[in-house]
Structures are given as C-alpha cells and as structure tokens.
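I opened this model to look up how its parts pack. My notes follow the structure below.

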Amino acid sequence: MVQAFDARALLPPAADECLHPDGSPREPYSTLLANVAGGDAARLAELQRIAGAWFAERGITFGGSGEAEDQAAIFPFDPLPRILSAGEWTHLERGLAQRAVALDHFVADCYGAQRALRNGVVPASLVYSSTGYLRDVVGAAPPRSTWCHVCGIDVVRIGGDFAVLEDNVRVPSGVAYALMSRAAMADIVPEWLDAAGVRSISEYPRRLLNILQRIAPRPWQADIAVLTPGPFNAAYYEHGLLARGLGAALVEGRDLWVHDDQVYRRGEDGGFIHVDVVYSRVNSEWIDPLVFRSESVLGSPGIIEAWRRGNVALANAPGTGVADDKAIYPYVPAMIRYYLGEDPVLGNVATYDLTDDTQRRHVLAGIDRIVFKPVDASGGYGIHFGRLMSRLERDDMAAQVTARPRDWLAQEEVVLSRAVCVGAGGGLEARCVDLRPFVLLDEQPWIAPGGLTRVAGSPETLVVNSSQGGGSKDTWVLSS
Amino acid sequence: MGPQQLTFAISHRTVLHYSATVHASYNEVRMYPRHRGGQRVLAFALTSAPAAAPRSRVDFYGNVVHRVDVAAPHQLLELTMQSVVAAASPQRHVPEAWSQRTLQRDPNLEFAQSSPRVPLEKATAELLHAWVGSDRSFDALGELARRIPTEFRYVTGATTVDSSIGDLLDGGAGVCQDFTHLFCALARHAGWPARYVSGYLGPKPEEDEVVGESHAWAEVCGSDGRWVGLDPTQGGLADADGAHIRLAVGRDYGDVAPHRGLYFGGASGSPPEVSVRVARMSAQDVIAAHRGGPMERQQQQQQQ
C-alpha cells in the first residue's frame, strides 16, 4: 500500500503521559507498563474484546447527534488506564477548585452588580453579546448563592504542565462514562486496581444528591427530576444512569407542568407530583420557551418564573452559559485574581480575543499555529486548524473572523499529550488524551478523583471529542 | 403658563384566534405603560377572556410584564388593557456624547451593541457615514431622525413584524418599527446607546382621541445616563408635543413585543387582531374615570 505521507510526521512533538523522553516509564505507570509491555498482544486483544462486550451488554452509548437516523454507538473504551500520581492530583485539585469557584463568582456577578465588568476585568461587550447571558436571569438569587453546581473543566498537558483548554459549566456531560469505565475495570481487571491503590469515585452520585437536596426549597422532602432533551441526545444514556443513581425521575419537558409558579411532573399513575429540584441536562436557553426561545420543545413554559420565585431549584442555575462562552475563556485567569485574590494554579492555553484589533492581526499573521473554534459550539464541531487549511481556506477564515470577530475564538494549537492504548490486534500505540474532571460546588468544592479521560479515535487524530469518534479510558488517581 | 400635563385614557385590545380548541396557553404581556421618566400610570387594568389571574414582574429593562396563563380549553383569547396615563412633560435637555472608553465599562453599553433585530453591519455603517460623515454629536442623531422619513417611504404592509433592517434598505419602504430599528442601528454605529420604545401616539392637538395607533420610536442615552426620545417616523424629537406615551423599552422589538405566547393543542394560530384607542382626558374625565369599551378596528400587531 502506498501512503502519500505519514500524517504523524506533520505533528509537532507531544508530551507523553507514560514515558520519559528516554523511553523509560514514568513513575505512576511503571507497574502497569511492566505488566503489559513485553507485549502479549493476544492477551491485550482479549482484554479489549472483553471490555467492548462489557459496554455493549450494558448498552452504554454515546452518539446520535440529534439526527434520528444516527445510531447511538457503543462508547469506545480502552482497557489501559490513564494514571495520575497523588502529587499531580493534589495540584490539579487545587487548580480546578479555584477555577470553578471563580467561574461561579463570575456568573453571580454577571447577574448581580457586574463589578468585574465595571472594573474592566472582563470586557462588558463580550458579556452583553454572549448568547449565554440571559437577561431574564438578572437579579435572581438562587438558593445558597450557587450557580455552577456541576462543572466539567477540560485539562490538557502541554510539555510538563497541565493547562485548562475549556470550561463547561452549562450541562457538562461524561461523568457516567467515568463511573462506568471504573465499574468495567473493577469487573475485568480487579487485581490491577487493588495492586495500584486507586482512589474511588463511586461517591459521586451521593455527593451530587446531597447538593441537590440542599438547594431544594423543602430539603426534607425534595422530589428531584433529571430533565433530559430525550433519547436523541448524545448523552441520553448518562441522563438515565444519573437519574437511577440519584433515585430521581427522568423527565422530558413535556412531562413537566408549571401551574401557579409551581412545577409538577406526571407520575406513573397519571397524577401530578410536585417537583422541588430539577437537575437539568437541557441548556438553559432552551429550558423555558416562554422566556427564551419560543421554538424550543425541550423545556417547560413557566419554569423560569417558578425558579425566580424560589419554588423550584435548578442545577445548574439558568444563565451559567455566560461563563462557558468560549470568548470569555481568555479572561478566566484574570477572574481568579480579581475574585479570589490568588494566582491561578492552572494556566490557560494561549488564546486570542479576535474582537481586539491588535490580537486579531497577530493571529492572522501566524495562522499556521492557530486553531479556530466557533464560540457557541461544543463537541468539537466547527473547529478549523490553520495548519491544515489551503490558501483559499485561510483567506476565507481571515475574512470571516474580520467580519464577525465575536463568533470565533483563536487558540494556539496545542498538541495533546499521548498515552499508551491498545490498538487493533492488541498492539500498543500512543494516542492523544485529555481529561475532564468533574467539580461539584457546595460550601466546599469537591472533585471526583480522576474524571473522564477522552482518547482520540486513532493515533493520527488530534481531537478527542466523543462526537468526533473519540473514546475513553479509566482515569486512576493513586492514593499515595 | 408652564407646560400643561396631558392625561390620556388608553385601551388596547388583542384577540388571538386559534383554528381549533387549545387546552392551555401561556402568555407574556408587556402592556403596562412605563411608570418612569416623568410618565405616570394613574390607573391600570388587564383582563382576559377566558378569565385568568395575571401576575406581574418587572423585566430586565424595567418593563412590567404580566403573565396570563389560561388552563381551560379555549379557541379564542382576548386580552384587554385599560389605563390612564399622565404623559411626561417635554424634555429640553440636550445630551452629551460618550467617551467610548467610559461607555465600554457602562451597563448602557448593552444598547450600543448589536442586538438580534439591530445587527451592526456594513450597510448601516456606510449609511451613517453617507448621511452625517464623522459627526457623532446629538445634532447628528437629530439629522438621522429627520432624514429617515425623507429617504424611506412609510407604507403600511410593505413589511411584516419579522422584517429586518435589510428588508427596509432593499425595499425602500416600511413602518415605524422598521424606521426605529434602522435609527437604532445608525445611532449605535455612531457610539450612542439607543433603545427601542414601544407605545402610542396621543391625539393631535385639534382632536380628542385617536384610534388604531400603536407606535414605536427610539431613545438615546447621553453620557449623563439620561434618555432622550427621537422619532424617526415623524422626523424629530419624540416628546416635542408631549404625546408619545411609552409602553415598554428594550434593545429592539424582540424585547418589547406586547404579546408573546405559547399554547398546547393541535391548532394553528393566526396574527392577532389588535385595536387601540387613546383619548385625551380633561381633569373631570380623570376624576370620573373612564367608561366605554374600545372601538373596534383591526390592526396588525406590527408597530406602526
């Protein structure tokens, strides 16, 4: 077979999660690599097959991007874990907690006094033009003053350091896949987990339940519902799993009914049950067609007013999208300094605000190194790599970002670190990985040790999004 | 003699017809006249048929919003607002332009940026330049308001409630909603916060009442934070005659639509039937309160 070129040769060199530059294993991986290297390919292929069957049996899917004909696919799972040392985790934990708290302060500020905007910490123009900034939420006071109850913060390793690539504080998904990845490992290779001393993440649903009960208007008898966009949503499997884990009802917008500013759900006997807390997996722009987008059929008319009046708690609170607008991301380190008076523990990837003329000129002069992302898309859709664009495409991109600079974010291309994976036939290969830890915000932030490690679909692929054919690995945080 | 305070009795009726029975409808109504900026609401009633108990809140822009939920089956929903309003006395205040640096950190920046129905685009930026060059003073805004009705024809039916600024520029004709959107775009390009005002025109000095007029115009905000009305349909200051009665304000029509609703049931809706009456009241009238139902005249929801 003739190959025109080796795609990997075009890539800048990447950090390796598992190996030192000299090829020797990094400390947290030494036991694992000693076990699997020397490579019994047949044994690894068998492990991979067993893991695939384990997920298929349970119908653990991700996919069906909203198109009815799209089949939900079994979530591709790699049986070799991604391992973080206790020291690495302590560092990450500090940085993630700090970041989530600052984002929560920012959301509260946007819907309150707007101190950061008046003081020029975050450009008011970006907030006022954000589709995530919901004017009907201004002045609201959510219970316990918490907005971002669940945050998913995407972390990558660049060189030796962790940095944040993206903040997800609307409806971050993926925790169910992290929980199931661990369950699969515990079934398939329990001896690996025991030998390594891996911290458990199984308390996640209980922790989330505690938060949801505490924000309920009547905490002593909170009826909780998980609101899903429905079976066509890519993360529908997760919504069901979390509802079971929380002992909550899984509902769609049409199952809810708002009357006299109270929210009810249809019970199994056809009667109506008062709902105290909605854990919403529907973006808040879609949650109330009366207030926000009238074409939405995903939400329930009147639910926002019920929330404003304190009759129902919503998690995450409506309007958190203002903090995960990609155009706001460059200002998160400044937010941390402003609200917390601390230096950020985790940095950002170098990012440019295209609405600033100087920054835009800089970006367009060195378009090779830049990745363009649409500010209001997620799931890895619409991303353009400057490096891969033809001359014509570059001109087109330059015209687009000049005409509509608010619609795009420009980031220096980062090469994600690679971790060892089982390839086809049981051979070992390195693929790009990132990490999405989940932060739960209450009085004290709590972070499930680990999170979802997403893996690129092939050794050549640079994006890890599940919507782009990526899979996952179990993520281990070692207890010592 | 100082300026006389003008008092008006307003009735505004909206009828929504559904092609079949709907089993519930949820409605947001922005029909409470502004009780701010010198204008005062002396009396107000909002009724619906089928009957519902409206509940109110104040929205982001300071407009009073009534929620009217009808849980009973119905094929027709009638909303009637009646109010007595003391109009603001004419302003004689000439606002100052902003330092753009200050505006960047001011909440009024909200009204100087693109909004869903007032996108700031090349065509309007070029129009601003063609009309006033680089003049960014309040006088330039007055010139824009004067110029719009001479450059564009006022033609009822030339546009719809959903028409864009582009439609006005292309077609050369529109109604006050379109003129106001265009004015807001030009003023924002010029660095002034500009907002959309929905409301009514009172009767002309020689008349006692006016039927069928809902109206829209604009307000711009000076660097002291005070708003001044400009009417790009009439081509001048909005409050010159004290007869611009303000209902709601927002970035554009989308923020102030007098009625917005949803219903459940296999029916299709048709454009609402709207009738408005504004009558001048004497002191005796005000005391005796107003009587009599609204006169019937069909009118589009679009603001003319």
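I started with helix α5 (residues 176-189) of chain B, which lies across β9 (194-201), β11 and β12 of chain B. Its angle to β11(B) is about 15°. Axes are lines fitted to C-alpha atoms, for helices over the stretch in contact, and angles run from 0 to 180 degrees between N-to-C directions. Contact means C-beta atoms, placed from the backbone, within 7 Å. Helices (H or I, at least four residues) and strands (E, at least two) are DSSP runs, numbered from the N terminus.

The model is predicted: local features need pLDDT of at least 70, side-chain atom pairs count only at pLDDT 80 or more, and totals for chains, interfaces and linings use all residues. Residues are numbered from 1 along each chain as its sequence is written, and chains are lettered from A and ligands numbered from 1 in the order in which they are written.

Next I checked helix α3 (residues 138-151) of chain B. This helix lies across β11, β12 and β13 of chain B, at about 30° to β12(B).

Then I traced the sheet. It is open, with 5 strands in the order β13-β12-β11-β9-β14 (chain B) and antiparallel pairing. Strands pair if DSSP finds at least two bridges between them. β13 (236-237) and β14 (244-250) of chain B are at the edges with a single partner strand each, so one side of each has no neighbour in the sheet. Strands β11 (residues 215-221) and β12 (residues 227-231) of chain B pair over 4 bridges, antiparallel. I found V220(B) opposite V228(B) in β12(B).

What does F183(B) touch, beyond residues up to four places away in sequence? I listed L144(B), A145(B), I148(B), A194(B), A218(B), L230(B) and P232(B).

Last, the chains: 18 residues of chain A are in contact with 14 residues of chain B.

Conventions: Contact = placed C-beta atoms within 7 Å.
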